[in-house]
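Visitor: Hi, could you walk me through a few residues in this one?
Guide: Gladly, let us bring it up first.

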Amino acid sequence: MGLSRRLPQNACGRFFVSEECIGCGLCVAYAADNFEWTADGTRCYVACQPRDARETDAVWDAVTDCPVAALRHEGAPS
């Protein structure tokens, strides 16, 4: 998988959405506390990094199931 750029809307931190996002909304459905839609409604981004184990698990589920692998992370699951 080639290098891709983070969307500029992403909150600083371990998880991010890349430019490959197709706006399917899966991440928002899985982790609504952490993902939001861009202003134009075409992509999603990490609005808030996970704050607890429940949110972290939901974000990992979204990372795993993203149909275009646009949800990325730095580091291994903890």
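Visitor: What does S18 touch, leaving out residues up to four places away in sequence?
Guide: Not counting those, S18 touches S4, R5, R6, L7, A70 and R72, where contact means heavy atoms within 4.5 Å. This is a predicted model, in which local features need pLDDT of at least 70, side-chain atom pairs count only at pLDDT 80 or more, and totals for chains, interfaces and linings use all residues. Residues are numbered from 1 along each chain as its sequence is written, and side-chain values use heavy atoms, with hydrogens and water left out.

Visitor: Is S18 buried or exposed?
Guide: S18 counts as buried because its relative accessibility is 0%; buried means under 20% relative accessible area, exposed over 50%, and partly exposed in between, with a 1.4 Å probe and protein chains only.

Visitor: Switching topic, where does A62 lie?
Guide: A62 lies in helix α2, residues 53-65; helices (H or I, at least four residues) and strands (E, at least two) are DSSP runs, numbered from the N terminus.

Visitor: And which residues does A62 touch, with the ones up to four places away in sequence not counted?
Guide: They are L26, C27, Y30, F35 and L71. For C27, which is 35 residues from A62 along the chain, the two C-alpha atoms are separated by 5.0 Å.

Visitor: Okay, what about N10, where is that?
Guide: N10 lies in the segment before β1, and N10 is buried, with a relative accessible area of 11%.
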